[in-house]
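Dear colleague,

I am passing on the structure we spoke about, together with an account of what I found when going through it. Please look at it first, and then read the notes below alongside it.

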Amino acid sequence: MSQTVVVALDSSDLSARAMPFARTAAHLWHGRIVLVHATVHTGRGGACWVERQLSQLVSGLRSEGINADAVLRAEPPARAIVGVARAEHADLIVMASHQRHGFNRWLHGSVTEEVLQNTSTPLLVVPAKAVQSSGRTLRVLVPLDGSPAGEAALDFLSARLSTRPLEVVLLRIVAVGPVFVGWDSAVIVPPMDARDLEAEAQSARTYLVQHAEGLSAAGLRVQLQVMETAEPIASGILDTAQREEVDAIALGTHGKGGLARVVLGSVSEEVLEHSPVPVLLVHSQAASSSGSRALITDGDGAWPNP
């Protein structure tokens with residue numbers, strides 16, 4: 001079955017950097033690309049210029065043999081991206097990230113975060129400095145924490161046939177030192193002794209082997225890694241991505257936002273802010289389904305499912 005890739009574009013060079021990765025996804029799946037440009041400020045003259053640019057991009061994609069269309073919407077970017085993904089029953093959204101940090105991120109907000117909170121469509125976030133892989137085999141790092149949410153990325157990767165070989169690097173991190181819970185440094189999970197640590201590492205290896213069997217049966221190459229570290233989980237993921245020279249990191253996520261994310265912390269957020277390679281975020285409830293559905297929540301900012 002052909003897959004639909006929605007690509008979020010604006011007038012910046014940054015967003016254009018998402019295009020090569022969207023092309024790769026379309027070629028991998030013999031898929032279709034839908035370009036989305038949204039703005040609340042463009043007058044008719046500006047809209048005509050944007051339409052010409054989108055038309056040129058569509059023509060270029062079609063010349064490569066990719067079925068492509070474009071949508072121009074006069075509304076906030078996140079709402080437009082989510083709306084088009086839903087209407088097109090998208091299998092993937094691709095968008096660039098500014099990778100803002102700290103106070104700057106909270107001050108300006110994040111379209112990426114808003115999209116993630118309001119759609120269950122898997123989201124590929126492309127950092128500004130990401131470089132396309134030159135190898136034939138695509139290597140994807142999938143960190144697992146033992147939860148169904150963390151395993152969502154595995155279901156997404158194994159459910160789609162690819163025109164290029166795909167190697168999945170499964171990672172399970174075993175925390176060696178004390179683990180701080182929330183913001184209170186006095187609330188910690190104490191470090192394990194040597195016997196408990198060995199038992200935890202063995203359990204992690206067994207867990208990875210079980211998932212590797214399913215991936216191998218689906219035709220994917222698999223590599224297993226158990227990391228024992230006292231460093232933060234996100235640091236272990238980023239260090240492994242660099243050491244293994246992966247082309248992307250795939251994370252299962254609940255897509256939590258607002259107060260819940262602040263209190264519980266978010267490995268996904270840390271990885272997104274610092275990853276040099278694209279990060280694929282897959283909602284746990286949508287890993288093996290296609291199409292986009294807005295999440296219905298009681299929190300502010302979530303949009304009702306029409």
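Please bear in mind throughout that the model is a predicted one. His 37 belongs to strand E2, which covers residues 32–38. Setting aside residues up to four places away in sequence, His 37 touches Leu 9, Asp 10 and Ser 11, as well as Val 50, Leu 54, Val 71, Leu 72 and Arg 73.

The next point concerns the nonpolar interior. In soluble globular proteins, nonpolar side chains tend to be buried together. Here the largest nonpolar core holds 46 residues, and the members that touch the most others are Val 142 and Leu 157. Helix H2 (residues 19–29) supplies the largest share of this core, with 7 residues. As for Leu 157, if its neighbours within four places in sequence are left aside, its contacts are Val 140, Val 142, Leu 166, Val 168, Leu 220, Ala 250 and Leu 280. Another core, of 35 residues, lies apart from the largest one, and among its members are Val 6, Ile 249, Val 271 and Leu 272.

Two helix pairs also deserve a careful look. In the one formed by helix H9 (residues 233–244) and helix H11 (residues 267–274), the axes come within 9 Å and cross at roughly 40°. Why is H9 described as oblique to H11? Angles under 35 degrees count as roughly parallel and those from 65 to 115 as roughly perpendicular, so the crossing at roughly 40° makes H9 oblique to H11. The crossing of H9 and H11 is right-handed. On the H9 side, Ile 233, Ala 234, Ile 237 and Leu 238 take part, and they meet Val 267, Glu 270, Val 271 and His 274 of H11. Sorted by class, the contact of H9 with H11 has 6 nonpolar residues, 1 polar and 1 charged.

In the other pair, helix H4 (residues 77–87) packs against helix H6 (residues 111–118) at an angle of about 35°, the axes being 9 Å apart. The crossing of H4 and H6 is right-handed. Pro 77, Ala 78, Ile 81 and Val 82 of H4 make the contact with Val 111, Glu 114, Val 115 and Asn 118 of H6, and the residues of this contact divide into 6 nonpolar, 1 polar and 1 charged.

With best regards

How values were computed. Residues are numbered from 1 along each chain as its sequence is written. This is a predicted model: local features need pLDDT of at least 70, side-chain atom pairs count only at pLDDT 80 or more; totals for chains, interfaces and linings use all residues. Side-chain values use heavy atoms; hydrogens and water are left out. Axes are lines fitted to C-alpha atoms, for helices over the stretch in contact, and angles run from 0 to 180 degrees between N-to-C directions. Helices (H or I, at least four residues) and strands (E, at least two) are DSSP runs, numbered from the N terminus. Angles under 35 degrees count as roughly parallel, over 145 as roughly antiparallel, 65 to 115 as roughly perpendicular and the rest as oblique. A crossing is left-handed if the near helix is turned anticlockwise from the far one by less than a right angle, and right-handed if clockwise. Contact means heavy atoms within 4.5 Å. Ala, Val, Leu, Ile, Met, Phe, Trp, Tyr, Cys and Pro count as nonpolar, Asp, Glu, Lys and Arg as charged, and the others, Gly among them, as polar. A nonpolar core is a set of buried Ala, Val, Leu, Ile, Met, Phe, Trp, Tyr and Cys residues joined through side-chain atoms within 4.5 Å. Buried means under 20% relative accessible area, exposed over 50%, partly exposed in between (1.4 Å probe, protein chains only).
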